[in-house]
Amino acid sequence: MKIHFLGTCAGTEPMPDRKHASVAVEAEGRIYWFDAGEGCSYTGHLMGLDLLKVGKIIISHAHMDHVGGLGNLLWNIRKLTFERRKQPEQGEVVVYTPNMDSWNGLLQMLRNTEQNFQTKYPVYAVQVEAGELFDDGIIKVTAFPNTHLVEWQQDRCLSYSYLIECDGKKLVYSGDVGSYDDLNEAIGKGCDGLIIETGHFGIDEVQQYVSGKNIRKIFFSHNGREIISNPEASKEKVKNYFGNKGFICEDGMTIEL
Ligand SMILES: [Zn+2]
């Protein structure tokens with residue numbers, strides 16, 4: 001699978017080179033979108049990703065740095081169906097979200113855009129709950145509740161980390177966490193890749209957490225002040241700690257896992 005980093009910034013004010021969180025996983029010609037921070041569809045499209053290959057969009061939680069670009073992503077997919085006279089390849093666009101209130105608000109906004117946002121393909125949301133989200137024969141995604149958001153909605157957690165299994169490999173997407181220990185269950189005995197948020201923690205804390213764990217590659221994303229304000233020193237620190245296992249991800253970067 002390929003991992004495209006579309007937005008690698010935590011929820012800061014605008015930064016020159018980084019936009020809010022978004023990652024696309026590409027496998028067998030399909031694109032699975034994890035979080036949709038501001039500008040993610042622009043970045044993806046301009047990188048050469050075919051937005052009509054997006055069938056599933058998976059949201060970790062409804063904070064703006066993770067959903068600020070969702071409306072635009074859906075709008076751009078629809079725009080391309082007119083430009084190319086083609087429909088999305090999977091015949092539908094599904095958004096997996098922990099927060100249906102947020103989805104309903106967004107849908108209302110979209111319905112007040114051009115032609116009431118009518119589409120020839122279904123666009124709908126599925127409520128995320130703990131456990132397997134889907135297994136479409138290409139990738140399997142499992143949701144793990146985390147403690148980034150302490151308030152729940154009825155008996156539902158509103159914030160998740162995800163385990164992505166594809167082609168015999170395991171990739172963990174942290175989303176935002178309350179503590180790195182939130183990731184224990186998703187990582188289990190180890191994983192091939194860990195996309196870890198550093199918006200709430202620093203490089204030292206990542207090192208402490210992953211030490212002794214069987215994690216082959218560590219991707220620093222959703223980057224916070226430590227990395228943004230001192231990129232060169234951060235790169236050096238990551239190199240010293242992790243050698244060629246650690247990557248400070250940047251917008252527009254693609255990595256084959
Ligand atoms: Zn965030």
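Predicted model: local features only at pLDDT ≥ 70, side-chain atom pairs only at ≥ 80, totals over all residues.

Me: Let's begin with strands. Which way do strand 2 and strand 3 run, parallel or antiparallel?

Reply: To read a pairing, look for the bridges between two strands. Here strand 2 (residues 22–27) and strand 3 are antiparallel, with five bridges joining them. One place to look is Ala 24, which stands opposite Trp 33 of strand 3. The two strands form a hairpin, with two residues between them. In that turn, Glu 28 has a positive phi of about 45°.

Me: What happens on the way from strand 3 to strand 4?

Reply: Follow the chain: strand 3, helix 1 (residues 40–47) and strand 4 build a right-handed β-α-β unit. Strand 3 and strand 4 (residues 54–58) pair in the parallel sense, over four bridges. Within this pairing, Tyr 32 has Lys 56 as its bridge partner.

Me: How many residues of strand 3 are buried?

Reply: Burial is read from relative accessible area, with buried meaning under 20%. Strand 3 (residues 30–34) is mostly covered, with four of its five residues buried.

Me: Now the metal. Which residues coordinate the zinc ion?

Reply: Start with the donor atoms, then check the angles. The zinc ion is held by Asp 65 (OD), His 66 (NE2), Asp 176 (OD) and His 222 (NE2), at 2.1 to 2.2 Å. Along the sequence, these donor residues follow the spacing D-H-x109-D-x45-H. Asp 65 and His 66 are both buried.

Me: Why is the arrangement around the zinc ion irregular?

Reply: For four tetrahedral donors, the ideal angle is 109.5 degrees. Around the zinc ion, the four donor atoms subtend angles of 91 to 167°, so the arrangement is irregular.

Me: And how many aromatic pairs are there?

Reply: For each pair, check the distance between ring centres and the angle between planes. The structure holds ten aromatic pairs. In one of them, the rings of Phe 34 and Tyr 173 have centres 5.8 Å apart and planes at 45°, so this pair is tilted. Because Phe 34 lies in strand 3 and Tyr 173 in strand 10 (residues 169–173), the pair ties together parts 139 residues apart in sequence. Both Phe 34 and Tyr 173 are buried. Tyr 241 and Phe 242 form an edge-to-face pair, 5.8 Å centre to centre with 65° between the planes.

Key:
Residues numbered from 1 in each chain as written. Heavy atoms only, no water. Buried < 20%, exposed > 50% of the residue type's maximum accessible area, 1.4 Å probe, protein only. Pairing = 2+ DSSP bridges. Right-handed = clockwise from strand over helix to strand, strands pointing away. Donors = N, O, S within 2.8 Å, 3.2 Å for Na, K, Ca; no water. Tetrahedral: all angles 85-135°; square planar, octahedral: opposite > 155°, others 65-115°. Phe/Tyr/Trp six-rings, centres within 6.5 Å; stacked < 30°, edge-to-face > 60°.
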